[in-house]
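Please find below a short note on the structure under review.

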Amino acid sequence: MIQLSVSNLHAHYGQSHVLQGVTFDVQAGSITTILGRNGSGRSTTLKAIMGIVAPTGGSAKLKGFELASLSPTRISRAGIAYVPEERLVFPNLTVHENLLVGRQKVRRDAPAWSVADMYGHFPRLSERRNQLAGTLSGGEQQLLTLCRSLLGNPTIILVDEPTEGLAPQIVAQIRDVLLEIKRRGVTILLVEQKLTMALQISDDVLVMGQGEIVYSGTAAEFRQNTSIRKRWLDVA
């Protein structure tokens, strides 16, 4: 079943036409990863779906419900969570207070997450529950942002570059929790630079280039398609 459908989506930054007719579907319960070089439009795609960047054309629908004209708050309430690359914690609140901020009502069509779940998955956060979030390491802040987003009990979560600049041990933790999120029935749309990790966990792969989707297929199909990788992902 298609959970998120994006059709002919356009977005601009001033005079710059960043998204030029982006079209793809995300299957319910899957991990779909968007690959591409820096500047290809991957992060802007997530922001346009989330309403952070206002689309200038096209459609983004969650189970048939149009999102394109809604505010980020309304989109969040519809069941979409967003984990930005920037690790936007509340620096003057403790880890525990940051988690409490993220809590929303339980949804009938989504698994419920608790603060205890977060501490169980990430003992490091439990150990630092009374520490100000602004004093955490970059990796710990990324974990906190991911956990806070899950406490909104989303049906789908958009995750932008969660492993950027993180130590291998933290990368492995994030990989494992993404798989746990999927196991519990939450759909994931992921932007990720680490190809090996992305292919370990993804069901489907999208490749972006010059503001549009240039490839769509299963992760298994993508592994066999060396020409797409060479043209759109390899660094010259």
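1. Basis of the note. The model is predicted; local features need pLDDT of at least 70, side-chain atom pairs count only at pLDDT 80 or more, and totals for chains, interfaces and linings use all residues. Residues are numbered from 1 along each chain as its sequence is written, and side-chain values use heavy atoms, with hydrogens and water left out.

2. Overall form. The protein has 10 helices and 10 strands, taken as DSSP runs numbered from the N terminus (helices: H or I, at least four residues; strands: E, at least two). Of the 236 residues, 51% are buried (under 20% relative accessible area, with exposed over 50% and partly exposed in between; 1.4 Å probe, protein chains only).

3. The largest core. The largest nonpolar core has 34 residues; such a core is a set of buried Ala, Val, Leu, Ile, Met, Phe, Trp, Tyr and Cys residues joined through side-chain atoms within 4.5 Å. Helix H7 (168-183) supplies its largest share, six residues. Ile 181 is among the residues with the most contacts inside this core. Leaving aside neighbours within four places in sequence, Ile 181 is in contact (heavy atoms within 4.5 Å) with Trp 113, Leu 146, Leu 150, Ile 157, Val 186 and Ile 188.

4. A buried loop residue. Thr 163 lies in the loop between strand E7 (156-160) and helix H7, and is buried because its relative accessible area is 0%. Not counting residues up to four places away in sequence, Thr 163 touches Val 171, Ile 174, Glu 192, Lys 194 and Met 197.

5. Aromatic rings. The whole structure holds one aromatic pair (ring centres within 6.5 Å, using the six-membered ring of Trp; planes under 30 degrees apart are stacked, over 60 edge-to-face, the rest tilted). The rings of Tyr 215 and Phe 222 have centres 5.8 Å apart and planes at 55°, so the pair is tilted. Tyr 215 is buried at 11% relative accessibility, and Phe 222 is buried at 0%.

6. Charges over rings. Arg 129 lies over the face of Tyr 119, 4.2 Å from the ring centre, and the charged end of Arg 184 sits over the ring of Trp 113, 3.9 Å from its centre (NZ of Lys or CZ of Arg within 6 Å of the ring centre and within 35 degrees of the ring normal).
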